[in-house]
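Visitor: I have just opened this one and would like a slow walk through it. Could we begin with a helix and then move on to other places?

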Amino acid sequence: MDRTLAERTKYFDNAATTFPKPEVVYKAMDEFYRNYGVNAGRSSYKLARKATDLIDETRELLAEMVSFNKTERIIFTPSATIAMNQIISGLEWDEDKTVYITPFEHNAIIRPLRYIEKKYNIKIKTMPFNSLTFELDIDRLKKDFEKDSPNYLFMSHVSNVTGFILPIDEIITCADKYNSVTVLDCAQSMGLIPISLQKLKVDYLVFAGHKTLYGPFGIAGYIDNSKIGLKEFIIGGTGSDSLNYFMPESYPSKYEAASQNICAIAGLNASLKWIKEIGIDNIRDKELKLTKQLVGGLEDIYGVAMYMPKDIIKHVGIVSCNLDDYKPEDLGMILDEDYGIAVRTGYHCAADIHSFLGTKHRGGTVRLSLGYFNEESDVDYLIENLKQL
Ligand SMILES: Cc1ncc(COP(=O)(O)O)c(C=O)c1O
């Protein structure tokens, strides 16, 4: 019998979305539409209550994962990009505002901030990282903060291009005395790297259901741990307080207009339980082991350049590289066409990192990204075939 395309593909594009999903995710989504696929938070009959309970339980699972106790402050959005837009549009802006970002940001942060810059003439400053060692120059950062004190910090927890785990504790500590607002993009880290909002002073934590949380597309959000309160961004029906012309003041309703993607929430609910059962540390351990194997294999291939810090512990399973004179897109095509290996090539929706890495002129990088469902044999297969080139 013919194997499906998915079965024939060795998948190394988990940073774009983790694939496959745990079996329980498919099952939960199927069950939702078959057994109780009705709207939530609008009616009080039993089926509707079941759908509402599912959403509430999913907020609880997310809260538990990051040691957060205000479940109503977990706001669902259709994607991490929309969550980031919702936060950025909800903040106060004027020309006196200074924002700090890192060289590693995704365009989900860069583009809305550049839009705000154009509109309000704010100052956007990049935190100083060494492009060879990836070390943060903390003394320079302190001086930068003294000169232009930060109002807002936006940073990725994990770079989607290099897999680098940013020293967020150090940065947050450094910014502490300025009373700045911190927005942390955990699209590539939540569910993979332990995070505790009891320990970390983060105001807004953004998550993406379909990446390291192993859930489906269509569900993401942010955790609002801030005292400031955002302006609402998307306005409409919430299923509650229906005679009010304006958005309810209560969380999460104020920030969740429109019907929810409950099917996707059902999938996320299942993936969160799956992560809890396997354990974040075990997922991380497996990925780290595969990352070591991948990096070790790549080091043995003549002509490979890798863009990462030496210390593998500062890494997740995302490895960006280039090979000899191959253009990234050409190498990606050869890997796919000749060997059935799926990777992402190019600039990976991150405008600044390629100036930092020096990969702009050569069309970006080839990004190999691992997930829990990769096996050692997949990495062996990838390395063996790269050696043939
Ligand atoms: C670090 C990071 N932030 C934000 C996003 C945006 O996620 P989405 O496209 O699901 O909105 C991505 C997606 O690649 C990402 O890697």
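**A first walk through the model**

Visitor: What covers the buried residues of H10?
Guide: The cover includes E10, E11, strand E12 (344-346), E13 and H12. Helices (H or I, at least four residues) and strands (E, at least two) are DSSP runs, numbered from the N terminus, and contact means heavy atoms within 4.5 Å. This is a predicted model, in which local features need pLDDT of at least 70 and side-chain atom pairs count only at pLDDT 80 or more, while totals for chains, interfaces and linings use all residues. Residues are numbered from 1 along each chain as its sequence is written, and side-chain values use heavy atoms, with hydrogens and water left out.

Visitor: Which are the buried residues of H10?
Guide: They are Pro328, Leu331, Gly332 and Leu335, where buried means under 20% relative accessible area, exposed over 50%, and partly exposed in between (1.4 Å probe, protein chains only). These residues cover an arc of only 105° around the axis, so they sit on the same side of H10; the arc is that of the directions from the helix axis to the C-beta atoms.

Visitor: And which exposed residues does the face turned away from the buried side of H10 carry?
Guide: That face carries Glu329, Met333, Glu337 and Asp338, which are exposed. Just after H10 comes Gly340, with a positive phi of about 70°.

Visitor: H12 was in that cover. How many residues has H12, and how far does it reach?
Guide: Helix H12 (residues 376-388) has 13 residues and reaches 19 Å from its first C-alpha to its last, close to the expected 18 Å, where the expected span is 1.5 Å times one less than the number of residues. Its buried residues are Asp378, Val379, Leu382, Ile383, Asn385 and Leu386. Because these buried residues fall within an arc of 170° when seen down the axis, they line one face of H12.

Visitor: What do the buried residues of H12 pack against?
Guide: They pack against helices H9 (280-299) and H10 (328-339), and against strands E1 (10-11), E10 (318-323), E11 (341-342) and E13 (365-369).

Visitor: Changing topic: which residues surround the ligand?
Guide: The ligand is surrounded by Ser79, Ala80, Thr81, His106, Ala108, Asn160, Asp185, Ala187, Gln188, His210 and Lys211, a residue being near a molecule if one of its heavy atoms lies within 4 Å of it.
As for polar contacts (pairs of N or O atoms within 3.5 Å; within protein, one must be able to donate a hydrogen and the other to accept it, and residues adjacent in sequence count only if both atoms are side-chain atoms), an oxygen atom of the ligand is 3.3 Å from a polar backbone atom of Ala80. An oxygen atom of the ligand is also 2.6 Å from an N or O atom in the side chain of Thr81, and one is 2.6 Å from an N or O atom in the side chain of Lys211.

Visitor: How much of the ligand's accessible area does the protein cover?
Guide: The protein covers 86% of the 390 Å² that the ligand has on its own, with areas from the Shrake-Rupley method and a 1.4 Å probe; for residues, only the protein chains shown count as cover.

Visitor: Where is Gln188 found, and is it buried or exposed?
Guide: Gln188 is in the loop between E6 and strand E7 (204-208), and it counts as buried because its relative accessible area is 7%. A polar atom of its side chain lies 2.9 Å from the backbone oxygen of Ala15. Leaving aside neighbours within four places in sequence, Gln188 is in contact with several residues, among them Val158, Thr212 and Ile318.

Visitor: Which peptide bonds are cis?
Guide: Among them is the bond from Phe19 to Pro20, with omega near -5°; Pro20 lies in the loop between E1 and helix H2 (23-35). A cis bond also joins Tyr251 and Pro252, with omega about -5°, and Pro252 lies in the loop between strand E8 (220-224) and helix H8 (262-278). Most residues other than glycine have a negative phi, and most peptide bonds are trans.

Visitor: Which residue has a positive phi although it is not a glycine?
Guide: One of them is Ser67, with a phi of about 50°, in the loop between helix H3 (46-65) and strand E2 (74-77). Ser67 is partly exposed, because its relative accessible area is 32%. Tyr214 has a positive phi of about 60° and is found in the loop between E7 and E8; at 3% relative accessibility, Tyr214 counts as buried.
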